Amino acid sequence: MLAEEIITQEKYREIVEANNIEIKELVEKKTDLLTAMASEKTVDNIELLKQELLQFLNFNELTPEILHRLINRIEVKADGTPIIHYRFSAPKIK
């Protein structure tokens, strides 16, 4: 074994520490990017919903087509209270 290939324990610990710091920074950056991607998807979903709603703003009569495009299903509780399940969901705020 050549002397140049051997490192001290102190040097080894320094390298491990530097690698751990870099890994932590990269994990944080990954988390930030994933969050940004999720936010962009929410914005895209809202934009799609907006475009869909703009198509129906000037209608004179509620047609089955309009109803089916906006509403997934309607449930009625025993007391007569309706529960409307839309085809879009509200964005989650954390």
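A residue counts as buried under 20% relative accessible area, as exposed over 50%, and as partly exposed in between. Glu75, at 31%, is therefore partly exposed. The model described here is predicted. Its secondary structure comes to two helices and two strands. From the N terminus on, the elements run α-α-β-β.

**Overall picture**

- The protein has 94 residues, and 4% of them count as buried.
- Its accessible surface comes to about 9000 Å². Carbon and sulfur atoms hold 58% of that surface.
- Residues 24 or more positions apart account for 9% of them.

**The salt bridge**

- How many salt bridges does the structure hold? It holds one.
- Glu75 and Arg73 are the partners. Their closest N and O atoms are 2.9 Å apart.
- A salt bridge needs a side-chain nitrogen of Lys or Arg within 4 Å of a carboxyl oxygen of Asp or Glu, so this pair qualifies.
- Arg73 has a relative accessibility of 41% and counts as partly exposed. Glu75, at 31%, is partly exposed as well.

**The nonpolar patch**

- Which residues form the nonpolar patch on the surface? They are Ile74, Val76, Ile84 and Tyr86.
- Together these residues have about 380 Å² of accessible area.
- Strand β1 covers residues 71-76, and strand β2 covers 82-86. Each strand supplies at least two residues of the patch.
- Ile84 lies in strand β2. Its relative accessible area is 36%, which makes Ile84 partly exposed.

- With a relative accessible area of 25%, His85 is partly exposed. The cut-off for buried is under 20%, so His85 is not counted as buried.
- Set aside the neighbours within four places in sequence. His85 is then in contact with Ile71, Asn72, Arg73 and Glu75.
- Two of these contacts, Arg73 and Glu75, are with the salt-bridge partners.
- His85 and Ile71 are 14 residues apart along the chain. Their C-alpha atoms are separated by 6.1 Å.

**Helix α2**

- Helix α2 spans residues 64-70, and Arg69 lies in it. Leu67 has its place in helix α2 too.
- Arg69 is partly exposed, at 35% relative accessible area.
- How far apart are Arg69 and Glu52? They are 17 residues apart in sequence and 8.6 Å apart in space, C-alpha to C-alpha.
- Leu67 is partly exposed, with a relative accessible area of 34%.
- Leu67 and Tyr86 are 19 residues apart along the chain. Their C-alpha atoms are separated by 9.8 Å.
- Tyr86 is also one of the residues of the nonpolar patch.

- Helix α1 runs over residues 9-55 and includes Glu22.
- Where does negative charge gather on the surface? A patch of it is made by Glu22, Glu25, Glu28 and Asp32.
- Glu22 counts as partly exposed, with 45% relative accessibility.

Methods
Residues numbered from 1 in each chain as written. Predicted model: local features only at pLDDT ≥ 70, side-chain atom pairs only at ≥ 80, totals over all residues. Heavy atoms only, no water. Buried < 20%, exposed > 50% of the residue type's maximum accessible area, 1.4 Å probe, protein only. Patch = residues over 30% accessible without salt bridge, like charges linked within 9 Å, V, L, I, M, F, W, Y side chains within 5 Å. Areas by Shrake-Rupley, 256 points an atom, 1.4 Å probe, with all protein chains shown as cover. Helix = DSSP H or I, 4+ residues; strand = E, 2+ residues; numbered from the N terminus. Lys, Arg positive; Asp, Glu negative; His and termini not counted. Charge placed at Lys NZ, Arg CZ, Asp CG, Glu CD. Contact = heavy atoms within 4.5 Å.
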